[in-house]
Amino acid sequence: MRFTVSTAPESHPAGVGANPARQNQILYLAISVLAVAGVLVSAVSLQRHYAKSASAFCDFGERFNCDIVNRSEYSTVMGIPVGAIGIAGYGFLLSLATVYRSRPNTPLQLLTAALAGLVFASYLTYIEGSVLETWCILCLSSLALIAMITVLAGVLKVKSGLSR
């Protein structure tokens with residue numbers, strides 16, 4: 001009986017045992033796509049913050065209404081709209097995942113920034129549910145995006161720690 005082992009990338013199912021650098025590229029790409037989505041969601045949120053009219057796409061009654069959340073006293077931090085903070089935060093994550101991804105400390109910076117964003121989004125979600133008692137679909141979407149980015153950044157950090 002004779003066994004052969006092939007190390008060609010196409011022989012590995014679903015990337016199992018594939019090139020770690022290629023896997024990292026995929027993680028960086030996924031983080032980049034999610035960060036772009038976060039910028040877009042935050043931009044819509046910022047637009048709703050300054051809008052004079054009510055929006056129909058996010059108004060599902062008193063319990064689900066982005067306008068109530070985006071125009072509440074909790075929609076700014078030190079005078080800066082939360083949507084603008086989101087654009088800056090997701091933009092920073094995008095720059096780390098693209099422009100600065102070759103730096104050795106980028107996985108740690110990505111994880112740290114994503115965790116900070118997740119803590120901030122979790123706080124805002126608490127405010128929505130416990131104080132305002134109104135949910136914002138845009139805000140919940142942003143929470144899901146930053147949670148996924150945090151998980152991917154954690155995987156990237158673990159993988160980069162193993163390869164060094």
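Reply: What follows looks at helix H3 and the two helices that pack against it. The model is predicted.

Helix H3 covers residues 82-98. One of its partners is helix H1, residues 20-50, and the axes of H1 and H3 come within 8 Å and cross at roughly 165°. Angles over 145 degrees count as roughly antiparallel, so H1 is roughly antiparallel to H3. The crossing of H1 and H3 is left-handed. On the H1 side, the contact is made by Tyr28, Ile31, Ser32, Ala35, Val36, Gly38, Val39, Ser42, Ala43, Ser45 and Leu46. On the H3 side, the residues are Gly83, Ala84, Gly86, Ile87, Tyr90, Gly91, Leu93, Leu94, Ala97 and Thr98. By type, the residues of this contact comprise 13 nonpolar and 8 polar, with no charged residue.

The other partner is helix H4, residues 106-132. The axes of H3 and H4 come within 10 Å, with a crossing angle of roughly 160°, and these two helices are therefore roughly antiparallel to each other. The crossing of H3 and H4 is left-handed. Here H3 contributes Val82, Ile85, Phe92, Leu93, Leu96 and Ala97. These meet Thr106, Gln109, Leu110, Ala113, Ala114, Phe120 and Leu124 of H4. The residues of the contact of H3 with H4 divide into 11 nonpolar and 2 polar, and none is charged.

Note on methods
Residues are numbered from 1 along each chain as its sequence is written. This is a predicted model: local features need pLDDT of at least 70, side-chain atom pairs count only at pLDDT 80 or more; totals for chains, interfaces and linings use all residues. Side-chain values use heavy atoms; hydrogens and water are left out. Axes are lines fitted to C-alpha atoms, for helices over the stretch in contact, and angles run from 0 to 180 degrees between N-to-C directions. Helices (H or I, at least four residues) and strands (E, at least two) are DSSP runs, numbered from the N terminus. Angles under 35 degrees count as roughly parallel, over 145 as roughly antiparallel, 65 to 115 as roughly perpendicular and the rest as oblique. A crossing is left-handed if the near helix is turned anticlockwise from the far one by less than a right angle, and right-handed if clockwise. Contact means heavy atoms within 4.5 Å. Ala, Val, Leu, Ile, Met, Phe, Trp, Tyr, Cys and Pro count as nonpolar, Asp, Glu, Lys and Arg as charged, and the others, Gly among them, as polar.
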